[in-house]
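Here is a short tour of the model shown below. Keep the viewer open and follow along.

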Amino acid sequence: AAPSLPRVVELYNMAQFTHATDSAVPLEEPIFQPSPPEVVIDDFEPLERYSMPLCFRNNDSVARRIKVLPPDSSVFSVDPPAHLRAAGGKVAPGVEVQFRVVFTPRAAQDYQCELECVTEREKFLVSVRARGPRPCFEFPDAVDFGLQPVRVAAQEVFLLRNTGLRDGRFSLSVAAPFSVSPSDGLIAAGQAAQIVFGFRAEANGAYAQNVLVSYDSGEQCLTHLSGSASDIEVALERSIVAAPACYISLSSQRTVKLYNRSQIRIDFEWKALASAADESRARAERIMELSSAASDATGPAMRRRRRDIELDPMLFVSGSFAIEPARGEIYPGGYCELTVVFSPQSVGNLSATAYCEVAGRESRLPLML
């Protein structure tokens, strides 16, 4: 990769300093190329003295002058080479000259300054950074949940360790169907915290996303989350139950079994509508009807009624049919015997459809009554 160019902050009139006003170096580049482009100092101790080389190469076709101004810093200084003073600051074309950046830290913390480098044509900056002790988190590169039942929560737990020499804070955010807890926190040096990643897909398919993890030291890293969801084998004994004829005010019964042929425990619940999307639309319509009929759309009574609609689980309710139990759980390989109760309130042929919502299935199981 091409070396990064230092930032030029000021241009000069070369005719005031030299007769050789033509340069082979483009104007957007400094005549002298610094190496390294940025001075970075790690692993230092307070009250010690450190010296780092900073070289400048004359990329022009004629001899040019360069000097580095004393930095406005109490911990950084620059020592020019002795032979450069004897040469009047001039460096032959294609030749490299070495300065020394001296660092005398007073404490174990971060330091930074910008060195002002002056040539006959421009002033450009070279950054100098000293990085003090910092946290170091052992974060996983990837978390794979594998194949999971749809609409069932899965978790992966691991310990996030801070192996650095300083306390550090982390933060991250993920989008559904993934989750994380806690999403931020402070971990002391040498300590660890438990992080729980979650995965709960509402639809079948494969899911993946990259998560940006940020630390208070400014560093960032990426971790990859992935998982897939599919239906488990849960089925009704039959999809139609015909209740025996019955007189008004009396009742008749039929039974039907709900089988769990999977390897996990499931929860089930009988709903009035075929999907969660249908429930959302029904709630929105009821709220619109309520708002249009109410004289005060912002009063406390209106807010309570609106909240009741939003929290309504929309369970199966019928004037003529009931299913018992209305909700429950079934262990792996087991079944639940459901009782359909027919209690007619009017004469005629009556019918209804109930929908069994099962944790582990994307769509609800219909039962025609």
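Ser 249 sits in the loop between β20 (234-236) and β21 (252-260); strands (E, at least two residues) and helices (H or I, at least four) are DSSP runs, numbered from the N terminus. Although Ser 249 is not a glycine, its phi is positive, at about 75 degrees. Ser 249 counts as exposed, at 65% relative accessibility, where exposed means over 50% relative accessible area, buried under 20% and partly exposed in between (1.4 Å probe, protein chains only). Leu 47 also has a positive phi without being a glycine, here about 70 degrees. This leucine is found in the loop between β3 and β4 and is exposed, with a relative accessible area of 72%.

Two cis peptide bonds are worth a look as well. One runs from Ser 35 to Pro 36, with omega near 0 degrees, and Pro 36 is placed in the loop between β2 (32-35) and β3. The other runs from Ala 176 to Pro 177, with omega near 15 degrees; Pro 177 lies in the loop between β14 (168-172) and β15 (178-181). For context, most residues other than glycine have a negative phi, and most peptide bonds are trans.

## How to read the values

This is a predicted model, in which local features need pLDDT of at least 70 and side-chain atom pairs count only at pLDDT 80 or more, while totals for chains, interfaces and linings use all residues. Residues are numbered from 1 along each chain as its sequence is written, and side-chain values use heavy atoms, leaving out hydrogens and water.

## Overall build

The protein has three helices and 27 strands. Its radius of gyration is 37 Å, well over the 21 Å that the globule rule gives for 369 residues, so the protein is more spread out than a compact globule. That radius is taken over C-alpha atoms, and the rule is 2.2 Å times the number of residues to the power 0.38. Along the principal axes, the C-alpha atoms fill a box of roughly 120 × 50 × 40 Å.

Buried residues make up 36% of the 369. Of the contacts (heavy atoms within 4.5 Å) with a separation of 6 or more, 70% are between residues 24 or more positions apart.

## Nonpolar cores

A nonpolar core is a set of buried Ala, Val, Leu, Ile, Met, Phe, Trp, Tyr and Cys residues joined through side-chain atoms within 4.5 Å. The largest one has 26 residues, of which Phe 56, Phe 76, Phe 103 and Leu 115 touch the most other members. Strands that each supply at least two residues of this core include β4 (50-58), β8 (96-103) and β9 (111-119). Setting aside residues up to four places away in sequence, Leu 115 touches several residues, among them Leu 54, Val 68, Val 101 and Phe 124.

A second, separate core has 24 residues, including Phe 316, Phe 321, Cys 356 and Leu 369.

## A buried asparagine

Which strand holds Asn 58? The answer is β4, and Asn 58 is buried there, with a relative accessible area of 1%. Asn 58 and Ala 92 are 34 residues apart in sequence, yet their C-alpha atoms are 6.9 Å apart in space. Beyond its neighbours within four places in sequence, Asn 58 is in contact with residues including Ile 31, Phe 32, Arg 64, Ala 92 and Pro 93.
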